[in-house]
Amino acid sequence: MNFRLFFCLAFLTAVAPAPTFSQEPQPGAKTAATETQAQTDPVVGRWRFKDGTKFWELYPNGDAKLFESNGEAPRRVGKWNRVSVLDASVKYEIKWSIGTTDRAHLLKSPEKLVIDSINGMSAERVDRPQASLTPPSGDPDPIVGKWQFPDGPNGREIWTMSQDGSAKHNWGKALGAWQRGVWKLEQGALNPRRYEIKWGGETRGVGVNLTTNPDKLFIHGTKAGTMIGKKISGDGN
């Protein structure tokens, strides 16, 4: 072989780009598009059944939970998935860990979810998912922590506000009774800051103001009128 031709062939082989292969997603793997869809899907949030007996929470990561009306520990857990998009609605499937499946569709009005598999039972949106609750400073929201109300309608009460927007209410003998909830910041530019808390599957929340003293929480709109709570811990866990 001509030496010059051999040298050219060797050089071209050395600099040629390595072959590329298209990588198909593995079965069951979530693509970036799927992850984005889950984060923005309008079904994500909290839904209260019209009869008031229970509510669903559907999370961006595909988790689903069913709670009784008082919001205590989930009675059922599972996974939700979008199965089709129609002209007037979007179809979903919720597969529960006990082996049952519920089917639902979200109407064009994104405030109503109709559960097909429960005789047309409908649910109304209680809350949309919140954006990050961490202020630009990186510090926790000032409402995060444990608050004690010594003279509440149930006797001594403890309200625990977590940074992720969840809340817990303990009361009764040895604070053994409890209820889950969610809180959200309604107006942070005002002083005092204004919040809303919804317990269980309630659609109407309780108004809360953080007073100019950041260790006092002013609750209005309760059956007992108003209450003032004192922060006893900055830990919302």
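Reader: Hi! Leaving aside its neighbours within four places in sequence, which residues is H105 in contact with?

Author: Hello! In this predicted model, H105 is in contact with S89, V90, K91, K112, L113, V114 and D116, once neighbours within four places in sequence are set aside.

Reader: Nice. Where does H105 sit in the secondary structure?

Author: H105 lies in strand β6, which covers residues 101–107.

Reader: And is H105 buried or exposed?

Author: H105 counts as buried because its relative accessibility is 16%, and the cut-off for buried is under 20%.

Reader: What joins the side chains of H105 and D116?

Author: The two side chains are joined by a polar contact of 2.6 Å.

Reader: On to packing, then. Which residues of the largest nonpolar core touch the most other members?

Author: That core has 18 residues, and V43, W47, W56, W80 and L113 are the ones that touch the most other members. The elements giving two or more residues to this core are β1 (45–49), β2 (54–58), β3 (63–68), β5 (89–96), β6 and β7 (112–115). The largest share, four residues, comes from β5. As background, nonpolar side chains tend to be buried together in soluble globular proteins.

Reader: How many residues are in the second core?

Author: The second core is separate and has 17 residues, including V144, A167, L210 and M227.

Reader: Changing topic: how do β11 and β12 pair?

Author: Strand β11 (residues 166–171) and strand β12 (residues 177–187) pair in the antiparallel sense over six bridges. H169 has Q179 in β12 as its bridge partner. The two strands form a hairpin with five residues between them, and G172 in the turn has a positive phi of about 80°.

Reader: What about β12 and β13, in which sense do they pair?

Author: β12 pairs with strand β13 (residues 193–199) in the antiparallel sense, over six bridges. Here W183 has I197 in β13 as its bridge partner.

Reader: Let's zoom out. How many helices and strands are in the chain?

Author: The chain has two helices and 16 strands. Of its 237 residues, 34% count as buried.

Definitions and conventions: Residues are numbered from 1 along each chain as its sequence is written. This is a predicted model: local features need pLDDT of at least 70, side-chain atom pairs count only at pLDDT 80 or more; totals for chains, interfaces and linings use all residues. Side-chain values use heavy atoms; hydrogens and water are left out. Two strands pair if DSSP finds at least two bridges between them. Buried means under 20% relative accessible area, exposed over 50%, partly exposed in between (1.4 Å probe, protein chains only). A polar contact is a pair of N or O atoms within 3.5 Å; within protein, one must be able to donate a hydrogen and the other to accept it, and residues adjacent in sequence count only if both atoms are side-chain atoms. Contact means heavy atoms within 4.5 Å. A nonpolar core is a set of buried Ala, Val, Leu, Ile, Met, Phe, Trp, Tyr and Cys residues joined through side-chain atoms within 4.5 Å.
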